[in-house]
Amino acid sequence: MTQLAPGLIRILAPNPSPMTHWGTNTYLLGKGESRVLIDPGPDLADHRAAILDALPQNTRLSHILVTHAHRDHSEGARALSEATGAPIYAFGDAMAGRSPVMAALGDQIGGGEGVDEGFQPDVTLAHEAEIETESGPITALHTPGHMGNHLCFHWQDMVFSGDLVMGWSSSLISPPDGDAAAFRDSCALLRDLAPQCLLPGHGAAVETPLERIDFLLTHRAKREAQILAVLTQGPQALLPLTQAVYTELPASHLPAAARNTLAHLIDLTERNHVLATPELSEKAVFSVT
């Protein structure tokens, strides 16, 4: 347990991995008789016990807010809700928030890594919904890109950014849950908000949010340019195209990189820069239009 600011602590879930860094960050905020929790993390008894131990005596948990329905963020929500009586708030279930393009492509492009398919919130939150708490209002921001039902939460001068913006790594965008076009739009929304600090789902706080967001948008634009540069040399299937673009990665990381490449290809296809033959899928051959 780490005190980040007055009325704000971080409880680290014991689930470190190459995809979760040091583990999932669970945040507990508030100073009064009630507390708000953001991202209960995986369904692990030790982590749930740590959350309950972090609640001061004579306080209660009033809200459980979930950024998105990946198991490392949402799976522990129901057991914690049953233990405390606090309702679960989120944008919707694991399929909520997908663009029409991603919804239509869902059966053709695989994906669904780490999805908490049984997740159901008690209360659904629309974009810019305001949650009244004893610690002041918290605004929900629908920020798809990493996942269709992804929310960021704006409280005071900081934003809990989930897996949209992190300091230690760029966000995985794996269709049909991930969406490259939506990621750009969500990053732009967050940038316009100009928060003083971002508190991500994994890793340390991002103290220079605008610089980090600009870096991520530039990084995505460079990847897109690299993909188009390879395709100008001739048609390519997904895996060899990924190998040609992500030359610095070990072979073990290429499957995840291929998901990011596919996200860019879907976006480029929708913008008529790339053609997928015979149809848009992981098995298609891609060429420039």
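Let's start with β10, the strand running over residues 151–155. In this predicted model, 4 of the 5 residues of β10 are buried, so the rest of the structure largely encloses the strand. Buried here is a matter of relative accessible area, with the cut-off set at under 20%.

What does β10 pair with? One partner is β9 (138–142), and the two strands run antiparallel to each other over 5 bridges. If you want a spot to look at, find Ile138, which sits opposite Trp155 of β10. Another partner is β11, made of residues 158–162, and here too the pairing with β10 is antiparallel, this time over 3 bridges. Phe153 has Phe160 in β11 as its bridge partner.

Is Asn149 buried or exposed? Its relative accessibility is 1%, so Asn149 counts as buried.

So who are its neighbours? Setting aside residues within four places in sequence, Asn149 touches Thr67, His68 and Ala69, then Phe91, Gly92, Asp93, Ala94 and Ala96, and also His142. With Ala69 there's a further detail to look for: a polar atom of the Asn149 side chain lies 3.4 Å from the backbone nitrogen of Ala69.

Terms used
Residues are numbered from 1 along each chain as its sequence is written. This is a predicted model: local features need pLDDT of at least 70, side-chain atom pairs count only at pLDDT 80 or more; totals for chains, interfaces and linings use all residues. Side-chain values use heavy atoms; hydrogens and water are left out. Buried means under 20% relative accessible area, exposed over 50%, partly exposed in between (1.4 Å probe, protein chains only). A polar contact is a pair of N or O atoms within 3.5 Å; within protein, one must be able to donate a hydrogen and the other to accept it, and residues adjacent in sequence count only if both atoms are side-chain atoms. Contact means heavy atoms within 4.5 Å. Two strands pair if DSSP finds at least two bridges between them.
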